[in-house]
Amino acid sequence: MTARRTQPRHCRDAALRVGLAEGAGWTVWTLTPAQVATLAEQDRLLQMHPETATRWRLKAKDRVGSVRLGAGDGTVQLTISPKVPVDRLLHLISYAPDRVAFDPRPVAADPRPDLLPALAHAFVSAADRALEHGVLHDYRETHDTLPVVRGRIRHADQLRRRPGVPVPLEVVYDDHTPDIPENRLLLAAARRLLRVPGIDPAPRAALQRLAARLDGVRVLPSGAPAPRWTPDRRNARYAHALALAELVLRGASYELGDGREIAVDGMLVTMWRLFEAYLARAVGEALRHRVGGRPEPQDRNFSLDTAGRHVLKPDLVHYLPSPRDGALRQAVILDAKFKTKPQRDDLYQMTAYCVRLGLTEGHLVYASGRPGVVEVPVGEERLRIWRHVVDLSRPWRDLAADIDALAESVDIARDSGTL
């Protein structure tokens, strides 16, 4: 397999496009010495071995996404495709954006339909950079009726509308205003995203700040077409954000692939970290809606030893009011495993979590495999460790329903007793 050079519309350069797949085997690429030097510095992303001076075998590690690397003749756009469909990946990211490393250098991507919560993070990042040096203004010819002269008088209109009346005056002038197509497009996209469910608090707050910064810009009427804009030197710093705004208004998102339609921020994700963060936040949110209480993703409040040197790191501890005194106490413990099958070490780990937290139920969630339960005798009690499966290959809307079903199973299995 040999990579090809491409010229995407918004990435006009000669970057070599290298595409790998998560969990796949070795593929062979023809590389120049400069490109070899660029990729050799990325041992966290891929493995590489030479076949000849110009042919190299490449293999992805555990990160997925697309990022622009190097400079000049050594520039490479590296794309590592995930095992799960991209819309599922972006759905996970919408729950755990802090697990993603965004790179402002643009990479080429394909548009895809209907995944706006994930696109919100990229749009906010691009819009913030576009407005870094202030809101773009331009001169616009304005026709107005004023009590004083501004610009020049429209004599024909003045005579037709107010013959013999000195004021008010029909005038035309050039107004230096932010109410231009580029800003209308950004504002319309921000308002569209603010109406979409599933946007996290941080990007939602950023969208509200963006809308506030665009004060004086007209809001598009419902159903109106997106404003048309022409790329030029004046609005060059807006170009990336405007391309994403157009996607938002079309109800589309993007896929890191080898399309030539748009440019988006580079993005790298460590899949097992993303899976853990997604499960913790999504299940915690579902439990809160179902039974109340307070979820604590990545809770670090417990240690295995009395000296506090060995901190426990469960992915989710959910706290519920105690029936004895109403104080919030640990009631559910869950840990996510981005593995193909359960391992004995997972049972040891969850047993330690449950014993330390005084719970008789623990929950392990895998990305594949079969559900089940293991009973572990602990003194005179029996500890039950449940195995659940969340299939990331299912459509993302079904995946959201699966999370609700998982929260229901956890609630049903919950035991208020202590060890």
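Close-up 1. Two strands pair if DSSP finds at least two bridges between them. With that in mind, welcome to the first view of this predicted model: strand E2 (residues 27-30) and E4 run antiparallel and are joined by four bridges. If you trace the chain from E3 to E4, you pass through a hairpin of four residues.

Close-up 2. Which residues of strand E4 (residues 55-60) make up its covered face? Trp56, Leu58 and Ala60 do, while Arg55, Arg57 and Lys59 make up the uncovered one. Arg55, from the uncovered face, stands opposite Thr30.

**Close-up 3. A six-strand sheet with mixed pairing.** Another open sheet contains six strands, and you can follow them in the order E13-E14-E15-E16-E18-E17, with mixed pairing. Strand E13 (294-297) and strand E17 (372-378) stand at the edges; each has a single partner strand, so one side of each is left without a neighbour in the sheet. From one strand to the next, the twist averages 25 degrees. Inside this sheet, strand E15 (residues 328-337) and strand E16 (residues 361-366) run parallel and are joined by four bridges.

**Close-up 4. Helices H9 and H10 on the six-strand sheet.** Helix H9 (residues 344-357) packs on the sheet, with contacts to strand E14 (316-321), E15, E16, E17 and strand E18 (381-389). The direction of H9 makes about 175 degrees with that of E15. Helix H10 (residues 396-413) packs on the sheet as well, touching E15, E16 and E18. For H10, the angle to the direction of E18 is about 170 degrees.

**Close-up 5. Helix H5 against helix H7.** Helix H5 (residues 181-194) and helix H7 (residues 239-249) pack with their axes 9 Å apart, at an angle of about 45 degrees. That angle is why H5 counts as oblique to H7. The crossing of the two helices is left-handed. From H5, the residues that meet H7 are Glu182, Leu185, Leu186, Ala188, Ala189, Arg192 and Leu193. Facing them from H7 are Ala241, Leu242, Ala245, Glu246, Val248 and Leu249. By class, the contact of H5 with H7 holds 10 nonpolar and three charged residues, and no polar ones.

**Close-up 6. Helix H5 against helix H6.** What is the angle at which the axes of H5 and helix H6 (residues 201-213) cross? The crossing is at roughly 145 degrees, and the axes come within 9 Å. H5 passes H6 in a left-handed crossing. On the H5 side, the contact is made by Leu186, Leu187, Ala190, Leu193 and Leu194. H6 contributes Arg204, Leu207, Gln208, Leu210 and Ala211. Sorted by class, the contact of H5 with H6 has eight nonpolar residues, one polar and one charged.

**Close-up 7. A look at Arg213.** Arg213 has its place in helix H6. Its relative accessibility is 42%, so Arg213 counts as partly exposed. Which residues does Arg213 contact, leaving aside its neighbours within four places in sequence? They are Leu131, Gly134 and Val135. Leu187 of H5 is 26 residues from Arg213 in sequence, with 9.4 Å between them in space, C-alpha to C-alpha.

Methods
Residues are numbered from 1 along each chain as its sequence is written. This is a predicted model: local features need pLDDT of at least 70, side-chain atom pairs count only at pLDDT 80 or more; totals for chains, interfaces and linings use all residues. Side-chain values use heavy atoms; hydrogens and water are left out. Axes are lines fitted to C-alpha atoms, for helices over the stretch in contact, and angles run from 0 to 180 degrees between N-to-C directions. Angles under 35 degrees count as roughly parallel, over 145 as roughly antiparallel, 65 to 115 as roughly perpendicular and the rest as oblique. A crossing is left-handed if the near helix is turned anticlockwise from the far one by less than a right angle, and right-handed if clockwise. Contact means heavy atoms within 4.5 Å. Ala, Val, Leu, Ile, Met, Phe, Trp, Tyr, Cys and Pro count as nonpolar, Asp, Glu, Lys and Arg as charged, and the others, Gly among them, as polar. Buried means under 20% relative accessible area, exposed over 50%, partly exposed in between (1.4 Å probe, protein chains only).
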